[in-house]
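Dear colleague,

Please find below the structure that I am handing over to you.

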Amino acid sequence: MKRIVLTGGGTAGHVTPNLALIPRLLEDGWEVHYIGEAEGVEKRLVAAFPEVTYHSVSTGKLRRYFDPKNFTAPFKVLKGVGQASKLMKQLRPDVVFSKGGFVSVPVVYGARLHRVSVVLHESDMTPGLANKLCAPFACKILCTFPEAARGFGEKGVYTGTPIRPEILSGDREKGLATFGFTDGRPVLMVTGGSSGAQAINAAVREALPKLLESFQVLHLCGPGNADEALLGTPGYVQCEYLDSEMADAYACANILISRAGSNTLCEILALRKPALLIPYPMGASRGDQIVNARSFEARGLSRVLMQEDMTADRLVSEVISLYRERGSLYEKMDKEPSANGVDNVLKEIYAVAERR
C-alpha cells in the first residue's frame, strides 16, 4: 500500500485543496497521514476524515515584519523539524505533498533529512515565504497559475488547484428556496472570504438601495458582521458563514463580488461565475491577491475594482457593467481548461511516488 503525508495549515486556504485530494487518495488505496499544528485549523478540518491519521509538530510563524515572536519562531521550527524527522523515519512515506503555510516548513525539512520526495503546491502568482523556503527541496512545484509555473523553471507544473467536489454540486432552485429569493431577478452574491471584509461590507451596505433596484443580494459578511438594522430588508440576505449551503449559494448566484484568493478564483472559474474582484490592498497583505486578480482580468475571466477606488456609486456601476457584459466572460471561461486540479495534481504526485 502506498503511503502519503499531507501537510499545510495556518489558514483554511492551505488546507481545503488537501481535503479535495483525500477522498480520491483513499479511493485509490493510499494510506493517508496529515501533519499539522496541534491546535491549527487543519486539525479541525481533517477530522472530517476518520481514515486519515493526524500528527502534530511544533512550528513558528515566519513573519516578514518585526515582531518579538520572530526571536522564538526559529527555535519552534527547529523543534518541529526534529519531530517531523522522527515521523518520517517511522512512517517512511512514498511522498510528501505540501500545500504551504508555516507548518509545512518543518515537515518538508524533516522529509529532506530522510530523502523523502516532496511535491509542493503554490496557489498564488507569487510564492509565499514558506514555499520559498521549501522550494529547493521539492521535486515538483505545482501551480494554480501558468505564469507562476513558468517562474519555477523545470520544477514548475501548471495544474490548477484541487477543488472539493461538493462545491460543484449545488442546486439553483434549492439555493433560491434556502435564501428566500425568487427566480425573477438576478442574484448578486457578495463574499469577502471566511472572515468577511469590512471595506466590502461597508460599501455594499451603502450601495444597497441602488443594488436592490436590479438584484437580489446574498451577502456573506463574516462572523459577527451582520447589520441588525438591515435584517428583514426585502431582497437582501445576510449570512455570517456558510458551510454545507455554500454549493447551493454559488448555484443560485448569477454574478459575484469577491476577494481574489487563489482558491476562490479557482472555484469561480470551475463554476463559470462572472465576478467583480476586489483584492486585498497592499497594506493588508503581501499583494498576492492583486497579482492574482490582474491575471484573471488580463485573461478576460473577471473584472477588477481596486479597494482604494471603491465607492458606493462606483461599486454599483461596476456591478451593473459586469452583469451586462457577462456573456463575454462566459466565452473566455468556457475556453479555459478545467480549474479543478484534482486529476492533474494526483497525476504528478503518483508519478513522483513511483520514482521513489
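Seven strands make up an open sheet in the order β3-β2-β1-β4-β5-β6-β7, and their pairing is parallel. Two strands are taken to pair if DSSP finds at least two bridges between them; helices (H or I, at least four residues) and strands (E, at least two) are DSSP runs numbered from the N terminus. At the edges of this sheet stand β3 and β7 (156-158), each of which pairs on one side only. From one strand to the next the twist averages 25°. Angles here run from 0 to 180 degrees between N-to-C directions, and axes are lines fitted to C-alpha atoms, for helices over the stretch in contact.

The model is predicted: local features need pLDDT of at least 70 and side-chain atom pairs count only at pLDDT 80 or more, while totals for chains, interfaces and linings use all residues. Residues are numbered from 1 along each chain as its sequence is written, and side-chain values use heavy atoms, with hydrogens and water left out.

Glycine 36 has serine 56 in β3 as its bridge partner. Together with helix α2 (residues 41-46), β2 and β3 make a right-handed β-α-β unit; right-handed means that, with the strands pointing away from the viewer, the path from the first strand over the helix to the second runs clockwise. Strand β4 (residues 95-98) pairs in the parallel sense with strand β5 (residues 118-122) over three bridges. There, serine 98 has leucine 120 in β5 as its bridge partner. Helix α4 (residues 104-113) packs on the sheet, where it touches β1, β2, β4 and β5, and its direction makes about 160° with that of β4. Helix α1 lies across β1 (3-7), β2 and β4, and runs at about 170° to β1. Contact means heavy atoms within 4.5 Å.

Helix α1 (residues 16-27) also packs against helix α14 (residues 342-355), at an angle of about 60° and with the axes 10 Å apart. The two helices α1 and α14 are therefore oblique to each other; angles under 35 degrees count as roughly parallel, over 145 as roughly antiparallel, 65 to 115 as roughly perpendicular and the rest as oblique. In α1, Ala20, Leu21, Arg24 and Leu25 meet Val342, Asp343, Val345, Leu346, Ile349 and Tyr350 of α14. By class, this contact of α1 with α14 has eight nonpolar, no polar and two charged residues. Ala, Val, Leu, Ile, Met, Phe, Trp, Tyr, Cys and Pro count as nonpolar, Asp, Glu, Lys and Arg as charged, and the others, Gly among them, as polar.

A further open sheet has six strands in the order β10-β9-β8-β11-β12-β13, with parallel pairing. Its edges are β10 (236-239) and β13 (303-304), each with a single partner strand, so one side of each has no neighbour in the sheet. Five bridges pair strand β8 (residues 187-191) with strand β9 (residues 216-220) in the parallel sense. Leucine 188 stands opposite valine 217 in β9.

Finally, helix α8 (residues 198-211) packs with helix α12 (residues 312-324) at an angle of about 55°, their axes being 8 Å apart. The residues of α8 that meet α12 include Ala203, Val204 and Glu206. The contact of α8 with α12 comprises eight nonpolar, no polar and three charged residues.

Yours sincerely
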